[in-house]
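Reader: I'd like to learn how to read side-chain contacts in a model like this one. Could you walk me through it, starting with the aromatic rings?

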Amino acid sequence: NSGDHVPALVIGSGYGGAVAALRLTRAGVQTHIVEMGMDWTGQTYSSMLEPDGRSYWLRTQTVQPVSSILGIPADRTITKYTGVLDPETFAGIRVYQGRGYGGGSLVNGGMAVTPRRDYFAEVLPSVDVAAMYATYFPRANAALGVNHVDQAWFETADCYRYARVGRDQANASGYATTFVPNVYDFDYMKKEQAGTVTRSALASEVIYGNNHGKRSLDKTYLAAAAATGRLHVTTLHTVTAVAPAATGGYSVTMNQIDTTGATVTVKTVTADRVFFAAGSVGTSKLLVAMRAQGRLPGLSSTVGQGWGTNGNVMVGRANHVWVPTGGLQSGMPAMGIDNWADPAGPVFAEIAPFPAGTELWISLYLAITKNPNRARFSYDSSTGSVGLNWTAAQNAPSAAAAKRVFDTINAAQGTVYRTDLFGSNKVWGDELTYHPLGGCVLGQATDGYGRLNGYPGLYVVDGSLIPGSIGVNPFVTITALAERNIEKIIATDLA
Ligand code: FDA
């Protein structure tokens, strides 16, 4: 309620926010989460094939990652609603993010990948790598409920034909592949394939939420935090300002919104400590605006810098008609092409489903590449909004690296690219990213544990700490880094 004074306020309920909430509540701290999206507990998510208002955040049209097939636009009109997926659009890139209690965990593919140790050390040189791999990655994997597919079952399951095709073609072209762990319950998926439970991953569900099977954060970290009795959750509230309070601590201003996005009321509370967990884009935007507006004028000039796409680029290949990929495709990827060790252009490509519910002979991939380009957020005082200066040209290294791998596979298979999926005559799906990282980089915009320099009691705990690239799907790294940082913060700042 407006006027309240709380010990700890967490902005956002994705991975960073959920870790902070669990560890703070377990340490005895009454903790309040403020989340702009809905609490989906007890609600149902939209179908993937017939999306409605529940699919997208306050839009009247869907913005599907694959925008067309054979010249037919894939998007459709929907009712404006506080749906779960937000393709936030900047001048040069579309950044997909989850909105709701659980953040990106509600919409993502569940791929739970621990990064290569040497690349982690290269990206975050100030962090003790041995401690990360001995303590914090295992802790994160356990708390997230990461599990592995039964490899014998994988070889026979109809729903993974697409993954076996992608693997076999990569192997035959000289590339290594690897199974990818997931937070989706593979035992549940087995029962879906056997027809004994309600289908979710096998009903094409993924980016608009899974009605069954997925261990999203609301079922793991956040449920454990709630079980302490010290967690307080407020959804459909968007934080708009944070500034030092006259009485000590920080005053936090938020808009309560309704499901059409309209502001119902504006509230201000005071918090002794504020944990920024609004995601790479959300946290960076908020902090850049606060610095520019003079509310947090002492923030480092590096706040807003070091943002990248994790080198994301999508691509589709057209298989021969005698190589079906399956009409039934699990929405949860389980296999990746690992060509990261190639110094000429590291690539880790997930073999992605194309869960259209019908045979399309398409092999789809989401490639993660080592793109060195970075962008920055900046405040526009005439509009009061925060922009991101990433340009389409900055995607070139991502597409070039992916091209080397998929040109080789096409040559070996005698196949071609699909040029109809991301716009007409366009091979590379590089106008979007699923993996925004950076904007508030550890050890630059913050100290070595996410404390915002100059503002005791303000912390960053989410993907904005990671400088633009991590070489694999990022949520395990975001979780493990948050575990490391919050442990230190609780031990030293809250003792
Ligand atoms: P995250 O974005 O999860 O959470 C931030 C939260 O803050 C959101 O709930 C948001 O609504 C809220 N918020 C923002 N601004 C706010 C404000 N001003 N006030 C209040 N609340 C605010 N990764 C992976 O490892 N494996 C995978 O398979 C995939 N697949 C995938 C698919 C798709 C479609 C997407 C969009 C993303 C993925 N990802 C992924 C990426 C992964 O989901 C992402 O890296 C993490 O969710 C980021 O975690 P954070 O804690 O940084 O923020």
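Author: Happy to. In this predicted model, ring pairs join Trp153, Phe154, Tyr160, Tyr162 and Phe179 into a cluster. Over the structure, the count comes to 18 aromatic pairs.

Reader: How are the rings of Trp153 and Tyr160 arranged, stacked or edge-to-face?

Author: Look at the angle between the planes: over 60 degrees counts as edge-to-face. For Trp153 and Tyr160 the planes stand at 90° and the ring centres are 6.0 Å apart, so this pair is edge-to-face.

Reader: And are Trp153 and Tyr160 buried or exposed?

Author: Both Trp153 and Tyr160 are buried. Another pair to look at is Trp307 with Phe377: their planes lie at 80° and their centres 6.3 Å apart, so they too are edge-to-face.

Reader: Where in the chain do Trp307 and Phe377 lie?

Author: Trp307 sits in the loop between helix H8 (279-292) and strand E12 (313-318), while Phe377 belongs to strand E16 (residues 377-380). The pair links distant parts of the chain, 70 residues apart.

Reader: Why does Trp307 count as buried?

Author: The cut-off for buried is under 20% relative accessible area. Trp307 has a relative accessibility of 0%, so it counts as buried. Phe377 is at 3%, so it is buried as well.

Reader: Let's turn to charges. How many salt bridges does a search of the whole structure find?

Author: The general idea is that side chains of opposite charge can pair when their charged atoms come close. Here the search finds 21 salt bridges. One of them joins the side chains of Arg215 and Asp185, at 3.7 Å from N to O. Arg215 is in the loop between helix H6 (186-194) and helix H7 (221-226), and Asp185 is in the loop between strand E7 (177-179) and H6, so the pair ties together parts 30 residues apart in sequence. Arg215 itself is partly exposed, at 28% relative accessibility.

Reader: What does Arg451 form with Asp493?

Author: A salt bridge, with the closest N and O atoms 3.0 Å apart. Arg451 lies in the loop between strand E20 (432-433) and strand E21 (458-460), and Asp493 in helix H10 (residues 475-493), so parts 42 residues apart in sequence are tied together. Asp493 is partly exposed, with a relative accessible area of 23%.

Definitions and conventions:
Residues numbered from 1 in each chain as written. Heavy atoms only, no water. Salt bridge = Lys/Arg side-chain N within 4 Å of Asp/Glu carboxyl O. Helix = DSSP H or I, 4+ residues; strand = E, 2+ residues; numbered from the N terminus. Buried < 20%, exposed > 50% of the residue type's maximum accessible area, 1.4 Å probe, protein only. Phe/Tyr/Trp six-rings, centres within 6.5 Å; stacked < 30°, edge-to-face > 60°.
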